[in-house]
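Thanks for coming. I have one structure to go through today, and I will keep to what can be computed from it.

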Amino acid sequence: MDPALAKTYKPEDACFNYTQRDAIIYALGVGAELKDDLKFLYENHDDFQVLPTYVVAPGLTANCITSCPGIEFDLARILHGEQYIEVYEPLPADAELRTECRIVDVLDKGSGALILSNLTTYDNNSGKKLCMQQFATFQVGSGKFGGDKTCPAEKKCVPIPDRAPDAIVEQKTSVDQAAIYRMSGDLNPLHVDPMFAKMSGFKQPILHGLCTMGFSTRHVLKTFANNDVSKFKAIKVRFSSPVIPGQTLVTEMWHEGTRIHFQTKVKETGKVVISNGHMDLTDASQQNTEAKSCGVELRSQAIFDTIAEELPKQKGIVQRVKGIIVYDITKNGKHVHHFTLDLMNGNGAVYKGEPKNAATANATVVVDDDDFMKLSAGELDSTKAYMTGKLKVKGNVMMLQKLQGLMGGLRKSKL
Ligand SMILES: *[C@@H]1O[C@H](CO)[C@@H](O)[C@H](O)[C@H]1NC(C)=O
Ligand SMILES: *[C@@H]1O[C@H](CO)[C@@H](O)[C@H](O)[C@H]1NC(C)=O
Ligand SMILES: *[C@@H]1O[C@H](CO)[C@@H](O)[C@H](O)[C@H]1NC(C)=O
């Protein structure tokens, strides 16, 4: 490794053209789903947008570390260490791009060499500078060449806050995630070829670090930017451990003004795979609070309010039911609130939270907020909901049959 020589390298700028189709393939590669992310997946959408992290595709094409004098490159010993991206304006739906590559430094980390390269991308049509990114590529076993350990131009990670996250988003990757993701340009066989993965020291092919970064980017944008890419300014991540396609990614986020700190874990192992990440937004408000366990607007709250009003009119219901029902209301598969319907004591009561006075529930109903709304409105049949798993009941199922009268009364009164 010869950092001084590498820094003088000025290769020709690399051209990269893309269309909406390419942007959609990238969005699929990083787990975009029709239910939440239609605008990233459908070119005729009113508000079709390109995910800002798609710039890694032109970046990779242009990354000149493979051909740079002064760098002895070996694909089989390469790991993506860190990534920094700064985007100056939303990416066009189609574009012709030109990307300049410069080697910032080759750092000597002992166990390997950390190659820092800056990639600056311009839109050929408008002439505007679209984005800048810094790749930090680690080459195992190439250290101890007497180079510097750090460099002032290195974009650094920032430690995450020392408190519980403000929001969490969880998403399972597909076992074929890497196969889809590589169609956006990173064809390294490490991600699909079992033989090559073994040769590189892995038991099986691993997911691209940049693919995990794409998932996390979506999770943060969805939670704090209402999925509006024009609010994205910059992101920095460190890839601390590999992900196996099929594992579940959990993005934990901390809201600090316009900076969202985050880390990403694998649910199945608890391992942190993106550490000390952050995203800077032009303005950050928590639009999507579904992942939070407090302050969530529940549609079912209105139903319980109505039940509270209806209860005194339902003479004899306590004598009929003689039990306590706890409703475990979920949203997107995550628990958000408990409501207790006490039809055992006094004239009955309904309140938020688990049963008071150390009482235990005779039956617990687990149901999604929206489904509970539909059930109460009579739009969803309870037996059908039960059979299809939308309504889960633990405990005394038969007792719930006695609630029919109450629900019928509700429908007549308000819903
Ligand atoms: C990009 O498109 C331009 C204009 O059609 C063309 O001249 C150029 O060769 C294309 N570049 C690549 C890398 O496909
Ligand atoms: C690389 O980018 C960093 C951060 O923007 C900057 O400080 C540095 O001067 C750049 N170096 C080169 C060689 O482009
Ligand atoms: C509910 O549980 C209580 C004890 O926790 C019991 O006394 C009551 O009979 C039960 N009600 C029904 C309907 O099973």
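I will start with the whole chain and then go through a few places in it.

First, the ground rules. This is a predicted model, in which local features need pLDDT of at least 70 and side-chain atom pairs count only at pLDDT 80 or more, while totals for chains, interfaces and linings use all residues. Residues are numbered from 1 along each chain as its sequence is written, chains are lettered from A and ligands numbered from 1 in the order in which they are written, and side-chain values use heavy atoms, with hydrogens and water left out.

Now the chain overall. There are 13 helices and 15 strands; these are DSSP runs numbered from the N terminus, helices being H or I with at least four residues and strands E with at least two. The C-alpha trace spans about 90 × 45 × 40 Å along its principal axes. Of 415 residues, 51% are buried, meaning under 20% relative accessible area with a 1.4 Å probe and protein chains only; exposed is over 50%, and partly exposed is in between. Take the contacts between residues at least 6 apart in sequence: 72% of them join residues at least 24 apart. Contact here means heavy atoms within 4.5 Å.

In helix α2, residues 20–29, the buried residues are Ala-23, Ile-24, Tyr-26, Ala-27 and Gly-29. What do the buried residues of α2 pack against? They pack against α3 (34–41), α4 (56–62), α5 (177–181) and α7 (209–224). After α2 comes Gly-31, with a positive phi near 85 degrees.

Helix α8 covers residues 299–310, twelve in number, and reaches 18 Å from its first C-alpha to its last, close to the expected 16 Å at 1.5 Å a residue. That expected span is 1.5 Å times one less than the number of residues. Buried in α8 are Ser-300, Ile-303, Phe-304, Thr-306, Ile-307 and Glu-310. They lie on the same side of α8 because they cover an arc of only 160 degrees around the axis, the arc being that of the directions from the helix axis to the C-beta atoms.

On to strand β2, residues 78–87, which holds Ile-85. Is Ile-85 buried or exposed? Ile-85 counts as buried, at 0% relative accessibility. Leaving out residues up to four places away in sequence, Ile-85 touches a list of residues including Thr-53, Val-55, Met-132, Met-213 and Phe-232.

Asp-228 sits in the loop between α7 and β7 (232–239). Asp-228 is partly exposed, at 23% relative accessibility. Neighbours within four places in sequence aside, Asp-228 is in contact with Lys-39, Gln-49 and Leu-221.

Last, some backbone angles. Most residues other than glycine have a negative phi. Asn-357 is not a glycine, yet its phi is positive, about 55 degrees. Ala-358, also not a glycine, has a positive phi of about 55 degrees. Where is Asn-357? Asn-357 is in the loop between β13 (349–352) and β14 (363–368), and Ala-358 is in the loop between β13 and β14 as well. Asn-357 is exposed at 80% relative accessible area, and Ala-358 is exposed at 75%.
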